[in-house]
2 protein chains.
Amino acid sequence: MRRWNGWSEEGAVPRVPAAALRLLADAIGPGLPQRDARFEDVVAAVPESRLTDDPGLSTDPADRVRHARGQSLPDWIALRSGRLGWVPDAVARPATDDDVHRLYGRADRAGAIVIPYGGGTSVVGGVTPAAGEERPAITVATEALSGLRGVDEESGLATFGAGTVGPDVQAALAPHGLTLGHFPQSWERSTVGGWVAARSAGQQSIGFGRIEDLFAGGRLVAPAGTLVMPPHPASAAGPDLRQLILGSEGRFGIVTETILRTVPRPAHEAIPAWFLPDWPRALAAARAIARAGLPLSMARLSTPAETETFLALGGRPGRVRALRAWLRLRGIGPDPSLLLVAASGAEKLVELAVREVGSIIRRHGGTGVGGSLGRQWLRTRFRTPDLRDALWDAGYGVDTLETAADWPQIGELATTLPAAIAEAFEGDGERAHVFSHLSHLYPSGSSLYVTVTFRLADDPDRTLDRWRRMKAAASAAIVAGGGTISHQHGVGRDHAAYLAAEKGELGMAVLADVARRFDPDRRLNPGALLEEAGR
Amino acid sequence: MRRWNGWSEEGAVPRVPAAALRLLADAIGPGLPQRDARFEDVVAAVPESRLTDDPGLSTDPADRVRHARGQSLPDWIALRSGRLGWVPDAVARPATDDDVHRLYGRADRAGAIVIPYGGGTSVVGGVTPAAGEERPAITVATEALSGLRGVDEESGLATFGAGTVGPDVQAALAPHGLTLGHFPQSWERSTVGGWVAARSAGQQSIGFGRIEDLFAGGRLVAPAGTLVMPPHPASAAGPDLRQLILGSEGRFGIVTETILRTVPRPAHEAIPAWFLPDWPRALAAARAIARAGLPLSMARLSTPAETETFLALGGRPGRVRALRAWLRLRGIGPDPSLLLVAASGAEKLVELAVREVGSIIRRHGGTGVGGSLGRQWLRTRFRTPDLRDALWDAGYGVDTLETAADWPQIGELATTLPAAIAEAFEGDGERAHVFSHLSHLYPSGSSLYVTVTFRLADDPDRTLDRWRRMKAAASAAIVAGGGTISHQHGVGRDHAAYLAAEKGELGMAVLADVARRFDPDRRLNPGALLEEAGR
């Protein structure tokens with residue numbers, strides 16, 4: 001069972017390698033472990049539900065606590081300290097579209113707000129209303145809207161209930177020889193409906209496609225009615241309404257069913273690792289790879305700071321020393337960049353793609369180190385979030401944030417964004433360990449994914465202040481640098497104030513109009529995506 | 001100079017090969033040539049403009065006639081017969097965003113409607129209001145909003161004025177070693193703004209991307225303000241507003257500037273041709289190719305009927321007989337299907353893709369015939385629309401229509417759609433020559449492109465009736481068969497009545513809300529995309 005106040009399974013917090021903790025202590029000082037609130041105490045303090053008259057709604061305080069927060073850093077501070085501030089009055093578990101419609105009727109009669117809740121993995125404040133929301137609240141868990149409902153094997157279209165989590169998607173497709181190829185880091189817990197609502201990207205999305213490429217159609221159930229999106233392979237029949245639902249973050253309705261484009265499971269997959277001699281040449285190589293038109297499913301370039309951290313987390317200091325020595329002999333170092341590339345598909349195509357990447361890398365002074373680092377990454381790719389629990393226990397907060405921009409801008413942002421983050425902590429006399437990678441290389445630019453580790457303060461409010469300053473500085477740097485406020489995490493409440501910078505005033509008005517059409521009484525997920533005027 | 005009442009250049013109507021005319025006469029009877037109205041007479045009959053008080057507007061009758069119609073069959077009937085019915089009161093040629101804003105002010109004062117006009121190549125009634133529109137009309141030619149405005153060579157982002165036509169895009173990118181790779185059949189005359197507004201696909205879009213993949217951002221100038229769309233490579237920051245502008249067909253505003261994603265010009269391109277023994281095996285091979293994950297830029301599969309016509313149009317009966325004999329020796333015939341495949345990119349990648357296609361084809365009983373048919377197609381790909389003029393002169397009308405659907409549905413539609421079209425003519429005691437191809441193969445389905453040739457009636461109104469019956473039958477068959485009402489031509493006025501079948505009532509209401517936000521007084525392109533309630 002998943003722990004109530006973090007990411008990992010109950011009792012399964014991993015050990016942080018000693019080398020990594022030393023690196024962190026040297027960089028930003030020793031962690032300050034904080035005492036967690038006890039689940040029982042938090043549950044006991046939950047206020048009485050205002051929606052007790054409906055046997056179809058769960059008003060169990062433990063259930064409500066478990067659906068009160070997502071996985072953002074403010075969520076963690078609230079959960080670990082036990083100061084939740086807000087819990088929903090009830091949890092609903094609709095199993096059909098009709099259940100959802102009835103639920104809206106129920107909310108209407110109670111004057112309640114409705115918050116869709118898939119895996120609860122939002123890291124941007126996607127499932128908790130803004131402070132000041134006083135209406136009763138029903139959180140709608142989509143877990144009963146799950147499972148494979150049909151496969152069109154000719155087209156590879158697979159219909160899933162929107163509450164299906166990643167591993168269940170993959171398991172249901174396996175007997176058909178199909179894969180979705182969508183692996184966001186939250187994959188084990190997040191749902192297809194959540195992927196659609198938050199416009200998610202997976203680790204191998206440059207090959208298999210982002211969720212906007214994979215979501216062929218489906219159904220959105222809104223207070224105003226149901227939107228059925230047919231899964232045409234392509235269309236010129238007016239604006240694409242799917243693209244309005246993708247990223248709607250529960251403001252327009254609840255995605256109940258998704259028709260997903262799947263492909264034959266790749267016959268072959270290779271994830272070779274390469275080292276580039278320094279960041280400028282690494283960036284140039286990444287750009288050249290992105291523009292070479294090669295069939296890759298992933299390309300992930302770590303900055304020198306992340307490369308060092310990645311090697312330290314491998315937990316084998318002897319091997320790392322040997323690797324560094326080997327690289328130095330080849331003129332690579334002292335601050336190399338690690339590039340992981342994945343190619344997935346027919347064997348010859350994979351081989352050709354890897355060969356072409358190799359020749360680009362060599363032209364930029366880099367070298368290959370084979371498949372073991374790629375295998376390490378593949379083995380641990382869904383385990384790294386567990387480290388967040390381990391580091392918290394050691395007294396460190398970890399947050400991630402990300403953006404995407406064109407090539408010239410991303411080159412700048414890779415410098416200015418970490419600098420702005422580090423500077424934000426200096427005001428508090430603190431340091432932060434900041435590292436980043438380009439996680440998705442596109443022909444016209446790249447995403448930039450930043451991990452921030454900092455020391456917890458001795459008081460949750462001070463930790464929250466520390467985070468807020470950092471988040472504001474980072475978001476301002478992203479906007480100033482021409483990046484999007486999110487490449488893969490979504491908007492939620494934490495990014496809502498920055499959305500107008502890229503949508504414009506007229507664009508924001510359009511989104512508000514659309515929300516009003518789907519949800520005339522504004523019950524759905526208030527404050528997410530669109531800030532509430534006058535609340 | 002382009003002729004005023006058709007497609008080809010003045011005086012450049014091609015000859016239809018005798019074999020093709022014989023084939024047509026045998027199939028549907030001899031053509032009934034009609035006499036065209038003279039341009040001078042039509043111009044002389046144009047009613048006086050109601051907008052003569054503005055020196056910034058052209059009210060020249062010849063100019064107005066040349067901007068009154070697009071390229072749909074009803075447009076042709078109107079132009080050839082000289083019964084235009086409607087002409088705009090003025091033609092505007094804004095050169096800046098400010099000019100467009102001023103134009104809206106001018107329209108406001110005059111109570112006029114505003115019709116954006118790129119290349120005027122709409123084949124679905126995109127530039128002419130519905131009968132009964134009585135407000136003064138300003139048609140906005142975008143030709144002065146044209147040209148390359150900047151290239152970010154690192155990202156391959158090229159900024160073009162929206163009135164730039166295809167050849168000018170290609171010519172401007174060539175010195176940078178870049179290509180857009182977007183080749184709709186209207187390429188020589190259509191504009192980037194038109195591609196965006198009508199959500200166009202190019203012949204090689206499965207490789208280079210449809211316009212929705214290529215349109216990274218830009219500006220839309222609407223009566224309510226300007227929407228600036230930043231060209232982020234990807235984003236999870238809420239719904240994608242670009243995707244709302246793509247396919248908006250001038251209802252939301254005028255696209256004035258587009259930022260396009262270009263790629264290095266492919267080092268290599270191959271367009272081998274293959275023959276499949278019969279339609280069922282051809283369809284199965286196409287599906288297998290589409291799902292094999294190969295880097296192709298085109299795959300175009302002709303039905304046996306289209307294959308026969310394509311060979312007849314080549315105009316070399318001796319060579320065709322030899323080819324047929326050669327195919328029969330290999331067990332292919334009597335009704336083979338022609339498949340053209342293009343691969344574009346690095347030489348080794350192209351070779352590999354072609355090899356893999358070959359092995360799929362052979363598994364389905366087909367054989368390759370080398371590159372000469374592909375070269376013929378490439379040489380003539382922008383000339384085939386000229387044949388429409390030649391056939392009209394010979395007394396035949398030609399129309400094309402298209403859809404896209406999932407694999408099981410497209411297999412059905414490839415039979416039911418031509419049958420419905422043929423049947424529609426039978427009511428009039430006429431026959432039609434109908435042939436089709438799958439023009440874009442997607443992993444989950446395909447487009448289906450149908451060409452219809454029929455005899456003109458001895459009266460333009462009867463020809464129009466004939467066409468209307470055909471169009472209604474075809475559209476009904478597409479909707480019944482689960483296809484989209486358009487894969488690449490758009491909606492215009494001819495498809496507007498069928499849009500609700502795929503968008504739903506709630507979806508149509510959303511689109512109307514968005515139109516109202518951008519264009520509160522409903523001046524823009526009334527009747528296109530969204531039918532006007534109560535008009």
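Which hand, left or right, does the crossing of helix 11 of chain B and helix 14 of chain B have? The legends below take up this question together with other close-up views of the structure, which is a predicted model.

**View 1. The pairing of helix 11 and helix 14 in chain B.** The crossing of helix 11 of chain B and helix 14 of chain B is right-handed. Helix 11, which covers residues 279-290 of chain B, packs with helix 14 of chain B at an angle of about 150°, and the axes of the two helices are 9 Å apart. On the side of helix 11 of chain B the residues in contact are B:Ala285, B:Ala288 and B:Ile289, and these meet B:Val357, B:Ile360 and B:Ile361 of helix 14 of chain B. By class, this contact has 6 nonpolar residues, with no polar and no charged residues.

**View 2. The pairing of helix 17 and helix 18 in chain A.** Helix 17 (residues 407-426) and helix 18 (residues 460-480) of chain A pack at an angle of about 155°, and their axes lie 8 Å apart. Because angles over 145 degrees count as roughly antiparallel, helix 17 of chain A is roughly antiparallel to helix 18 of chain A. The crossing of helix 17 of chain A and helix 18 of chain A is right-handed. From helix 17 of chain A the contact includes A:Thr416, A:Leu417 and A:Glu423, while helix 18 of chain A contributes residues including A:Arg466, A:Arg469 and A:Met470. Divided by class, the residues of the contact of helix 17 with helix 18 of chain A are 10 nonpolar, 1 polar and 3 charged.

**View 3. The contact between chain A and chain B.** In this contact 78 residues of chain B meet 78 residues of chain A. The elements of chain B that each supply at least two residues to the side touching chain A include strand 8 (225-229), helix 14 (347-363), strand 16 (396-406), helix 17 (407-426) and strand 19 (445-455). Helix 19 of chain B gives the most to this side, with 11 residues. The residues of the side of chain B that touches chain A divide into 38 nonpolar, 25 polar and 15 charged.

**View 4. The symmetry that relates the two chains.**

**View 5. The assigned domains of chain A.** The domain assignment of chain A gives domain 1 (18-144), domain 2 (148-264) and domain 3 (272-370). Between the C-alpha centres of domain 1 and domain 3 of chain A the distance is 41 Å.

**View 6. Backbone details in chain A and chain B.** The peptide bond that runs from A:Gly333 to A:Pro334 is cis, with omega near 5°, and A:Pro334 is found in the loop between helix 13 (317-329) and strand 14 (337-345) of chain A. In chain B, a cis peptide bond joins B:Gly333 and B:Pro334, with omega about 5°, and B:Pro334 has its place in the loop between helix 13 (317-329) and strand 14 (337-345) of chain B. A further detail concerns A:Asn525, a residue other than glycine, whose phi has a positive value near 40°. The place of A:Asn525 is in the segment after helix 19 (500-518) of chain A.

Methods:
Residues are numbered from 1 along each chain as its sequence is written. Chains are lettered from A and ligands numbered from 1 in the order in which they are written. This is a predicted model: local features need pLDDT of at least 70, side-chain atom pairs count only at pLDDT 80 or more; totals for chains, interfaces and linings use all residues. Two residues are in contact if their C-beta atoms, placed from the backbone, lie within 7 Å. Helices (H or I, at least four residues) and strands (E, at least two) are DSSP runs, numbered from the N terminus. Ala, Val, Leu, Ile, Met, Phe, Trp, Tyr, Cys and Pro count as nonpolar, Asp, Glu, Lys and Arg as charged, and the others, Gly among them, as polar. Copies are superposed by least squares on the C-alpha atoms of residues with pLDDT of at least 70 in both. Axes are lines fitted to C-alpha atoms, for helices over the stretch in contact, and angles run from 0 to 180 degrees between N-to-C directions. Angles under 35 degrees count as roughly parallel, over 145 as roughly antiparallel, 65 to 115 as roughly perpendicular and the rest as oblique. A crossing is left-handed if the near helix is turned anticlockwise from the far one by less than a right angle, and right-handed if clockwise. Domain bounds come from an automatic or database domain assignment.
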